[in-house]
Amino acid sequence: MSGETDLKTLISHMRPMLDPEPYVFCTFASKSIAEMAEFEPVGLFTETEGLTAILPVGRARELGLAEAEWFRRITLTVHSSLAAVGLTAAISVALAQEGISANVVAAFFHDHVFVPAERAEDALTVLRELADKA
């Protein structure tokens, strides 16, 4: 498996980057992944209850769903291994201590943390401070 596994290295090199785009988490009981592809989701996940899509607000608006809570994505730009242990816990604890919810999505190269849009700058500060302390 490629990517970094050492927790101290992951935290000290995570270089969090805030995406300027706001996103909305949506769920669809009867849509397929193929149907959702045209809406340019940054994430799709199939659950028993339906398909969850993470959509840019502009695309969610086309579906009448832009009034849901808005999130901003913070990408941890360090190349983390999918086998790494503790990174999600460390960032979740740091954000929780500041009362910031974190929805973490692990992709092949990076971890992405979706935080409430109104707390995005606060979350970025928390993660940068965590990296500086590592």
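Arg59 and Glu40 make a salt bridge, with their closest N and O atoms 3.4 Å apart; the term here means a side-chain nitrogen of Lys or Arg within 4 Å of a carboxyl oxygen of Asp or Glu. That pair links distant parts of the chain, with Arg59 in helix α3 and Glu40 in the loop between α2 (33–36) and β2, 19 residues apart. Keep in mind that this is a predicted model, where local features need pLDDT of at least 70, side-chain atom pairs count only at pLDDT 80 or more, and totals for chains, interfaces and linings use all residues. Residues are numbered from 1 along each chain as its sequence is written, and side-chain values use heavy atoms, with hydrogens and water left out.

**Around Arg59**

- Arg59 sits in helix α3, which covers residues 57–62; helices (H or I, at least four residues) and strands (E, at least two) are DSSP runs, numbered from the N terminus.
- With a relative accessible area of 17%, Arg59 counts as buried, as the cut-offs are under 20% relative accessible area for buried, over 50% for exposed, and partly exposed in between (1.4 Å probe, protein chains only).
- Glu62 also forms a salt bridge with Arg59, and here the closest N and O atoms are 2.9 Å apart.
- Both Glu62 and Arg59 belong to helix α3, and they are 3 residues apart, about one turn of the helix.
- Shared partners join the salt bridges of Glu40, Arg59 and Glu62 into one network.
- A polar atom of the Arg59 side chain also lies 2.8 Å from the backbone oxygen of Glu38.
- Leaving out residues up to four places away in sequence, Arg59 touches Glu38, Phe39 and Glu40, where contact means heavy atoms within 4.5 Å.

**Salt bridges elsewhere**

- The structure has 4 salt bridges.
- One of them joins the side chains of Arg73 and Asp19, at 2.8 Å from N to O.
- Arg73 belongs to strand β4 and Asp19 to strand β1, so this pair ties together parts that are 54 residues apart in sequence.
- Both ends are tucked away: Arg73 is buried, and Asp19 is too.

**The sheet**

- An open sheet is built from 6 strands in the order β2-β3-β1-β4-β6-β5, with antiparallel pairing; two strands pair if DSSP finds at least two bridges between them.
- β2 and β5 are the edge strands, each pairing on one side only.
- From one strand to the next, the twist averages 30 degrees; axes are lines fitted to C-alpha atoms, for helices over the stretch in contact, and angles run from 0 to 180 degrees between N-to-C directions.
- As background, strands of a sheet pair through backbone hydrogen bonds, either parallel or antiparallel.
- Val104 has Val113 of β6 as its bridge partner.
- β4 and β6 pair antiparallel over 6 bridges, and Arg73 stands opposite Phe114 in β6.

**Helices on the sheet**

- Helix α4 packs on the sheet and touches β4, β5 and β6, and its direction makes about 20 degrees with that of β6.
- Helix α5 packs on the sheet as well, touching β1 (16–28), β4 and β6, and its direction makes about 125 degrees with that of β1.

**Nonpolar cores**

- The largest nonpolar core has 22 residues, and Met14, Ile74, Leu76, Ile91, Leu95, Val115 and Leu127 are those with the most contacts inside it; such a core is a set of buried Ala, Val, Leu, Ile, Met, Phe, Trp, Tyr and Cys residues joined through side-chain atoms within 4.5 Å.
- Two or more residues come from each of α1 (7–12), β4 (70–76), α4 (87–96), β6 (111–116) and α5 (120–133).
- α5 gives the most to this core, with 7 residues.
- Leu95 touches Ile100, Ala102, Val113, Val115, Ala123, Val126 and Leu127, not counting residues up to four places away in sequence.
- A second, separate core holds 11 residues, among them Val24, Leu51, Leu55 and Val57.
- In soluble globular proteins, nonpolar side chains tend to be buried together.

Methods
Polar contact = N/O pair within 3.5 Å; in protein donor to acceptor, adjacent residues only side chain to side chain.
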